[in-house]
Each structure stands twice: as C-alpha cells, then as structure tokens.
Amino acid sequence: MPKVLSINNLHQTFEQGTVNENRVLRGIDLELETGDFVTIIGSNGAGKSTLLNSIAGTIPVQEGQIILNGTDISKFPVTKRAKKISRVFQDPKMGTAVRLTVEENLALAMKRGQHRGFRNGVKKHDRQFFKKQLAQLNLNLENRLETEIGLLSGGQRQAITLLMATLKRPDLILLDEHTAALDPKTSITVMELTQKLISEQNLTAFMVTHNMEDAIHYGNRLIMLHQGRVALNLAGKEKQSLTVTKLMELFQKQVGSKLEDDAMLLS
C-alpha cells in the first residue's frame, strides 16, 4: 500500500532554553498507508494534540520531517496544508461559520484550497448535491439548508463539520477529540458517522481521543503516546483482540509503570 503520511524523528520542545523547557515530542516515527484509521490515546501531556498540531501546521516543526504523499510539508504554512488536510475539532463551533446557513457552510467546504470570490456561493446543482450528502446523516438536515448553522445542536453541527471535512476528499483527516464535547448518545451517533464516512471513502485518518473504548472499537490501528514517544503501535489481530484491561497491561509491560490518568480510565 502507498504511504500517505511519513513522520520522521519529529521533536517539539516548548520554551526551549528556559527553566520551563518542556520536551513534548521526543523523536516520533510513524507511517500511515492509504485507508489507515489510526486512533491515538495517551495521558495528559503525552503529546497527542501537539502531534496533530504539528501535522496540521499550527505548530512549526522544530526538528524532523512530515511527508504527505511524497511531499515534504514540514515548512508549509497551515493555509497550504489545508488544501490536503482536513480537521475536525473538539468544539463544534470551531468547524463552522455560525452566522452562515448550512448550505453556505457546505459551499465554503467545497472551495477548500481554492480562491473564493464574492459571487453567489450556492448554485442550484450544488444545493441538490448538498441535500443528497446531508440525507446520509439521517438527521433530517437535508431539509434545513437555509437554517443558520448556529441554531443547530452541537451534535448536528459536528455531523455537518465531518461532512464538510470530507466533501472534497482530503489526503488526510485529523479528528481532534471531536466527540469529547457531546453527550454520550450523540457521541455514539457522531462516531458511527465518522466510521461510515472514513470507510466508504477509504480515507486516511488520525483520531485523538481520551476514550479508550472508542480507541479500541474504531479504526484499524491504535497508537498510545507516553512522554512524547510512541509506547504502543497496535494493528491487525493484535488490535482486534484488545480490551481496556489488556491495553493497560500492554502499556505497563512496555513502559514499566501503570497508566494513571483519570480522564482515560473513566471514559
């Protein structure tokens, strides 16, 4: 399978050279193939968000390489990476323009990475396409194209954000704890939708989560970070047979200490 993403010896240090120096990433090496759906877990401060921010470009790469489909994007700004990388954040409000309608938000997503003018952004054929795409969410949103997106629930907005992230097939999609702000029932709905969209389009995805059950249940690979390093990288039958108890045992065997993070253990 072709390599979509290669991360080579990635280091990130905050407040370098000061008494508060914090080495967050310490030589991360990872490769993702087409269609990989990788879940990422780890205790607070393990480097999960820093890894995603480094890939997205919101944090400049200090040392190492990030290669996307054969192109070194390590020095690319966020705007240039956004043509190929989609991202869904924890807060549903961050993925949409609150005062624009559902169809206007989808029209913006269709123009990701393109020049945007001031002409009417929603054409008749676009509207029919949007209705068809929204219908697959099974949330009756295909009948609310002209509703301001800020009037929708958090779960509805997050579902639309997922759709927006995949309307133009990205090389890579980054899911940054995208169900953490939702209630349990809505979280399940959004996770099932996530699985559906990724599977149907054979997307390559990174999903950071604090929920160990979700990390085990979804995706074909599971990566656990610890103190800025990859502690576990599980795939295939090894991942399919995982339980929370077994995952904690593997972690303890690998790093020599127990996992003690309430946010993860109580998920």
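Which residues lie nearest the centre of the largest pocket? In this predicted model, select Ala 82, Arg 87, Phe 89, Gly 95 and Arg 112, which hold that position among the 22 residues of the lining. The volume of this pocket is about 550 Å³.

**The pocket lining**

Next, colour the secondary structure elements around the pocket. At least two lining residues each come from α2 (78-81), β6 (85-88), α3 (102-110) and α5 (154-167). The largest share, four residues, is supplied by β6.

**Helix α3**

Keep α3 on display and select its buried residues: Val 102, Glu 103, Asn 105, Leu 106, Ala 107 and Ala 109. Then show α4 (124-135) and α5, which are included in what covers these buried residues.

**Aromatic rings**

Move to Phe 129 and Phe 130, and display both rings. They form a tilted aromatic pair, with 6.1 Å from centre to centre and 55 degrees between the planes. The count for the model is one aromatic pair.

For a ring with a charge over it, select Phe 76 together with Lys 80. Lys 80 lies over the face of Phe 76, at 4.1 Å from the ring centre.

**Thr 194 in helix α6**

Now select Thr 194, located in helix α6 (residues 184-201). Its relative accessible area is 1%, and Thr 194 is buried. Which residues is Thr 194 in contact with, leaving aside its neighbours within four places in sequence? Display Phe 37, Leu 162, Leu 175 and His 178 to see these contacts.

**Two backbone positions**

The tour ends with the backbone. Most residues other than glycine have a negative phi. Select Asn 9, which has a positive phi of about 50 degrees although it is not a glycine. Asn 9 is placed in strand β1 (residues 3-14) and is partly exposed, with a relative accessible area of 35%.

Finally, select Asn 202, a residue that is not a glycine but has a positive phi of about 50 degrees. Where is Asn 202 placed? Asn 202 is in the loop between α6 and β8 (205-208). At 39% relative accessibility, Asn 202 is partly exposed.

Conventions. Residues are numbered from 1 along each chain as its sequence is written. This is a predicted model: local features need pLDDT of at least 70, side-chain atom pairs count only at pLDDT 80 or more; totals for chains, interfaces and linings use all residues. Side-chain values use heavy atoms; hydrogens and water are left out. Rings of Phe, Tyr and Trp (its six-membered ring) pair if their centres lie within 6.5 Å; planes under 30 degrees apart count as stacked, over 60 as edge-to-face and the rest as tilted. A charge sits over a ring if NZ of Lys or CZ of Arg is within 6 Å of the ring centre and within 35 degrees of the ring normal. Buried means under 20% relative accessible area, exposed over 50%, partly exposed in between (1.4 Å probe, protein chains only). Contact means heavy atoms within 4.5 Å. On a 1 Å grid over the protein atoms alone, a cavity is a set of points where a 1.4 Å probe fits but cannot get out, and a pocket is an open set with protein on both sides within 12 Å along at least five of seven lines; lining residues have an atom within 4 Å of a point. Grid points are joined across faces, edges and corners, and a volume is the space filled by probe spheres set on the points.
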